[in-house]
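Student: Can we go through this one together? I'd like the overall picture and then some local detail.

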Amino acid sequence: MNNHLDREIRGICLTVPKSEDVALIVRFIDEWLAPRKCNLLVLLTRYRYQFESHPECASDHAVSKADMVRIREACKRSNIKLVPKMNLMGHQSEKKKDSMDGLLRGHPEFDETPDMDEVFYCRSLCPNHPDIKSVVFDLMDELIDVCEADGLHIGCDEVFDIGLCDRCKSTGKSTADIFADWINALASHLRERGKRAYMWGDRLLSSRTGYGSWEASANGTEGAINKIAKDIMICDWHYENLDAYVSADIFQSHGFDFLVCPWRYKDNAVKFLEYADKHGGEHLKGFLATTWHGSAEIAKHMMNIEKSGNDTIQNLAMSLDELFK
């Protein structure tokens, strides 16, 4: 394999750090990511930012504007594109209603399943609430502005609750249309500002592809692949050891630029990248390594400041060393 995808983008997705760990993450950018030619940092912010437009939507341990500026300037020094990431459909809570995250905690009226105290996985936003776009657009704009970003990752992975509320049912639309309309609204808002939308690709894939219900859809949203704007960057995540990663064929054939997004197992990551390199054509733009653990613990481990005893992080470290070698 040629330097693990001799393509344009060498990226990583990290969780936004706590305020007390911002200096550590700046150091990680300067001393580990930059020398390894990382050129994209997707910062999983969700609602952990001290929003001025809607302070009621800020999660616990939210970072300040000054914190975000420090991260932004570190990325600028090393020519790393900073793209903030929000979860703008699923992943609004844990199972219980009392675990709602920033937006639903501030605006519980946006809940897709308001009558359910407990859901299967995570709560979702209702994309048809008449007031939701104005609030979400404000939050998107604020993150884009503070990061001086040319794009925003809108999340939208693992959406299990969609089309369930009376409001959505009354539209008479399929889950594919509900999903596509929401994605297109977010992407259109970004496009009007000259920005690009990034999103996870799992809900655009059918479970009939051989991917499981976490990495593909079993509730009909896969039809949205024929309805959403083609300028969206698809982040194609798969973590298992498979004989074929047919999502690379699918996104390439549908004309979407996409990134390969592996996780913690080095051999699986390499196999995924090799398959995509052969099947992704010109639409494969590179990789985005996912991490899904605290960025401070990862940074300490990778820079040999404090080795983690967590097996997942130890495996992840081997994967990151391989991807960024």
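Predicted model: local features only at pLDDT ≥ 70, side-chain atom pairs only at ≥ 80, totals over all residues.

Student: Fine. How many helices and strands are in the protein chain?

Tutor: The protein chain has 10 helices and eight strands. Its radius of gyration is 19 Å, close to the 20 Å from the globule rule for 325 residues, so the chain is as compact as a globular protein of that length.

Student: What box do the C-alpha atoms fill?

Tutor: Roughly 55 × 45 × 40 Å, along the principal axes.

Student: And what share of the residues is buried?

Tutor: Buried residues are 58% of the 325 in the protein chain. Among contacts with a separation of 6 or more, 76% are between residues 24 or more positions apart.

Student: What about the accessible surface of the chain?

Tutor: About 13,000 Å², with 45% belonging to carbon and sulfur atoms.

Student: Switching to H153. Where is H153 found, and is H153 buried or exposed?

Tutor: H153 lies in strand 4, which covers residues 151–153. Its relative accessibility is 0%, so H153 counts as buried.

Student: Which residues does H153 touch, leaving out those up to four places away in sequence?

Tutor: H153 touches V42, V83, P84, K85, M86, Y198, M199, W200 and C235.

Student: Now helix 6. What span should helix 6 have at 1.5 Å a residue?

Tutor: Helix 6 runs over residues 175–192, and its 18 residues should span 26 Å; the end C-alpha atoms are 26 Å apart, which agrees.

Student: What do the buried residues of helix 6 pack against?

Tutor: They pack against helix 4 (132–147), strand 4, helix 5 (166–170) and strand 5 (196–200). The buried residues of helix 6 include F179, W182 and H189. After helix 6 comes G194, with a positive phi near 75°.

Student: Same check for helix 8: what should its residues span?

Tutor: The 14 residues of helix 8 (residues 266–279) should span 20 Å, and the end C-alpha atoms are 20 Å apart, which agrees.

Student: Which residues are buried in helix 8, and what covers them?

Tutor: N268, A269, V270, F272, L273, Y275 and A276 are buried in helix 8. Their cover includes strand 6 (233–237), helix 7 (247–253), strand 7 (258–261), strand 8 (284–289) and helix 10 (311–323).

Student: Which residue with a positive phi follows helix 8?

Tutor: G281, with phi near 60°.

Terms used
Residues numbered from 1 in each chain as written. Heavy atoms only, no water. Helix = DSSP H or I, 4+ residues; strand = E, 2+ residues; numbered from the N terminus. Rg over C-alpha atoms; globule rule 2.2 N^0.38 Å. Buried < 20%, exposed > 50% of the residue type's maximum accessible area, 1.4 Å probe, protein only. Contact = heavy atoms within 4.5 Å. Areas by Shrake-Rupley, 256 points an atom, 1.4 Å probe, with all protein chains shown as cover. Expected span 1.5 Å × (residues − 1).
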